Amino acid sequence: MSTNQLHTYLVHVLGCKVNKYDGQQIEQLLERYGLDKTDQSDEADVIVVHTCGVTAAAAQKSRQTIRKMQRNNPLAHVIVTGCAANDELTQIDQDPVFRVPAGADWLQRLAEQLDSLAMPKQHGVKGIETDTFTISRFNDHTRAFLKVQDGCDIGCSFCIIPQLRKEPRDKAIEDAVREATALTEAGYREIVVTGVSVGLYGRGRDSSLAEMLRNLVKIPNLGRIRLSSLHPGELTEELLEVWSGSPNIMPHLHLSLQSGSDAVLHAMRRGYTAEEYYNAVERARAALNNPAFTTDVIVGFPGETDTYFDESYAFCKKVGFSQMHVFTYSPRPKTMAARMGQQINGAVAMERSERLRDLGETMASDYHRQFQDLEVEVLVEGVKDGKATGYSEHYIPVEFQTSENLHRQLVPVQITETAALGISGVNRL
Ligand code: SF4
């Protein structure tokens, strides 16, 4: 490894919105040390791979990415951070320079490591607090992700995240408001409020996610706010009240279901029944403007019989999701579910996930059809070959013809066509 002064960095992020937010913190930290960003791994002096370990496939992809970066640039300082940074999940023959596992003070620990490198600017770790080191932009993204919460202790039996991200912790409301204000001033028209289990925000303290939103919607010139994944137990009346009273907050709930069978929900230790989940959906439908429900569902969980799967399938149909992410169960180390008997055969799980995906397409098509001839507002994420694409308030993919560069703008679009994969229309600007 060269001891010459370093000049450039590359950050490669795998995984979820929370990881993407962390990736922005890492970029802004490396720039604070005087490094410049490059997109070419063979030009980077410092390469950070921010890993994901939520499934076996994700950990495998993280391992492959680390190896690829080492191969592309043997002289680079390769640093491994994120959920799969512990070598149990990303064991590789040539160990990276540093591993900085996730956890409360991960950014300080990363800074401590960076301090030992030949950086253009030496800062020392003073002043670097993981939860107060806020971002002011979101490179290569039209929507900015704002992490307000980290960690989880809900303890779903299949989930490795509590082991990796550790105990729940919150960002102070004033820090989140400062960050969202900077992102709004930087031109971001949509901010996605996220966390590992964002609905845990404020638990055990005299605060709540509703209180966080009450403060965020006061930001001048704020565009859209979208909430990321919620656990059904976190959809409080207080939250629905703030939501229904704030036009900035989009009528789209990602309410994570995981299974529609009570027996499987019990084995998953999700902490609710299908009926309780449905009550939460009904309460949201009563409070909000025809909200869209998107969700995550696992198939092939240990002990999921044909009957239980049919219950889950029928329940998803009853809710009428606008989008469903279907995952095949992936045993994770040291989780309760991995030690359970009755592990499901891969071919059976595959067949079930295909059936559920087909149902998802049918439900999406049904949900999109109701927007025929209506006007929606689209945040344009890209314009290519005269076609603009982006998402509506209800998180529906929208496309329309345009000759202008409307990137990052909110555009009214009259819908003329609907389909399973999205809707299209005419620009009304
Ligand atoms: S709520 Fe459950 S699935 Fe989500 S991070 Fe926590 S333990 Fe994992």
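Visitor: Which residues are around the ligand?

Guide: This is a predicted model. A residue is taken as near a molecule if one of its heavy atoms lies within 4 Å of it. Here, the residues around the ligand are Cys 152, Ile 154, Gly 155, Cys 156, Phe 158, Cys 159, Ile 161, Pro 162, Val 196, Ser 197 and Arg 270.

Visitor: How many residues of that shell are nonpolar, polar and charged?

Guide: The shell around the ligand comprises eight nonpolar residues, two polar ones and one charged one.

Visitor: How is the chain divided into domains?

Guide: The domain assignment gives domain 1 (8-130), domain 2 (133-369) and domain 3 (375-427). Between the C-alpha centres of domain 1 and domain 3 there are 35 Å.

Visitor: Which residues of its lining lie nearest the centre of the second largest pocket?

Guide: Of the 16 lining residues, Val 11, Val 13, Glu 27, Lys 37 and Asp 140 lie nearest the centre. Strand E1 (8-13) and helix H1 (17-32) are the elements that give two or more residues to this lining. The largest share, five residues, comes from E1.

Visitor: What classes of residue does the lining of the second largest pocket have?

Guide: Sorted by class, the lining has five nonpolar, six polar and five charged residues.

Definitions and conventions:
Residues are numbered from 1 along each chain as its sequence is written. This is a predicted model: local features need pLDDT of at least 70, side-chain atom pairs count only at pLDDT 80 or more; totals for chains, interfaces and linings use all residues. Side-chain values use heavy atoms; hydrogens and water are left out. Ala, Val, Leu, Ile, Met, Phe, Trp, Tyr, Cys and Pro count as nonpolar, Asp, Glu, Lys and Arg as charged, and the others, Gly among them, as polar. On a 1 Å grid over the protein atoms alone, a cavity is a set of points where a 1.4 Å probe fits but cannot get out, and a pocket is an open set with protein on both sides within 12 Å along at least five of seven lines; lining residues have an atom within 4 Å of a point. Helices (H or I, at least four residues) and strands (E, at least two) are DSSP runs, numbered from the N terminus. Domain bounds come from an automatic or database domain assignment.
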